[in-house]
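Have a look at the model on the screen, and then I'll walk you through the fold.

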Amino acid sequence: MSQQAWTLDVTSYWTRLVHFFYKRLSDMSYNKTVDSLGDYSWISWFLEVKGNGFICRVPTDFIEDKFNLIGLEFQTHTMDLVLEPEYDKHRWNNEVYTADAEQLYGMIHARYILSTGGVADMCLKYERGDFGSCPKVYCKGQRTLPVGLSDQWNQSYVKIYCPRCNDIFQPRSRCGLLDGAMFGTSFPHMFFMQLPAMMPSPPQEKYVPRLFGFHLHRNALVPPGSPEQMPKIQGSSTSQSTFLSSTNQMPP
Ligand SMILES: [Zn+2]
């Protein structure tokens, strides 16, 4: 390569680099957010909003399929916003539109994650630990899945479901402010029906309350003189042995 050709090549490289950064700065000035796919759609913007980490990308062809929208009531402009490929916050600067779009996307999302493709997408997030872990000690950091307590919008916030202890908890992240209807009541159970090999076994250990090393007798936790305790005390000693058991078995 001649000296002149090399100089032209470097100049071209720097010109493209400057053009790239100029374009990025220009995009940032419009408050657009680009996701890993590099598009400027409303969906990409919505997924990047802090606190929306539990939500996955619903393919536009799933959203456009009228079969998937049966029973959902929405305005045409709300759907236009959800499917907006070049989202400009200034143009759509209306909180009502945004809230409606969030609800519409959320209700379609609840349907999508029950499909085979949706389960696969959520499985990637599950394995990545996006939904957090169970706070119980004996679940040993078991990964959780999001679940709703209702399939209706505006009834309750999302919870996390632990498949090991079969219980639900409040999420510890900002995602706990998402509407539970975005995930629905069936999602975790459909997830493990489709991926049964991923269902963890129940915890092997269980916490046993002890006082100075002794198991607590259940009468020890009943207020003195209460009707529940009185019949059991009659005819027995009220010595310490009534309240504490030194055996390794829990009292009946
Ligand atoms: Zn658990």
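I'll start with the overview, then take the helices and the core, and finish with the sheet.

First, the housekeeping. This is a predicted model, so local features need pLDDT of at least 70 and side-chain atom pairs count only at pLDDT 80 or more, while totals for chains, interfaces and linings use all residues. Residues are numbered from 1 along each chain as its sequence is written.

So, the overview: we have nine helices and six strands. Those are DSSP runs, H or I over at least four residues for helices and E over at least two for strands, numbered from the N terminus. There are 252 residues in the protein, and 21% of them count as buried. Buried here is 20 or more other C-beta atoms within 10 Å of a residue's own, with exposed being 12 or fewer and partly exposed in between; the C-beta atoms are placed from the backbone. As for contacts between residues at least 6 apart in sequence, 59% join residues at least 24 apart. A contact means that two C-beta atoms, placed from the backbone, lie within 7 Å.

Now helix H5, residues 95-112.

The largest nonpolar core has 35 residues, and the ones with the most contacts inside it are Trp 42, Val 82, Tyr 105, Leu 145, Met 182 and Phe 183. By nonpolar core I mean a set of buried Ala, Val, Leu, Ile, Met, Phe, Trp, Tyr and Cys residues joined through C-beta atoms within 7 Å. H5 gives the most to this core, with seven residues. If you click on Val 82, leaving out residues up to four places away in sequence, it touches Trp 42, Ile 43, Ile 63, Ala 101, Leu 104 and Tyr 105.

On to the sheet. Three strands form an open sheet in the order S1-S2-S3, with antiparallel pairing. S1 and S3 stand at the edges, each with a single partner strand, so one side of each has no neighbour in the sheet. Pairing takes at least two DSSP bridges between the strands. S1 and S2 have three bridges, with Leu 145 opposite Tyr 161 and Pro 146 opposite Ile 160. S2 also has three bridges to S3 (residues 167-169), and there Cys 162 partners Asp 167. S2 and S3 make a hairpin with four residues between them, and Asn 166 in the turn has a positive phi of about 60°. In S2, Lys 159 and Tyr 161 point one way and Ile 160 and Cys 162 the other, and all are buried.

Last one: H6 and H7 pack at about 95°, axes 10 Å apart. Axes are lines fitted to C-alpha atoms, for helices over the stretch in contact, and angles run from 0 to 180 degrees between N-to-C directions. The contact is made by Thr 116, Val 119 and Met 122 of H6 and Met 190, Phe 191 and Gln 194 of H7. That's me done.
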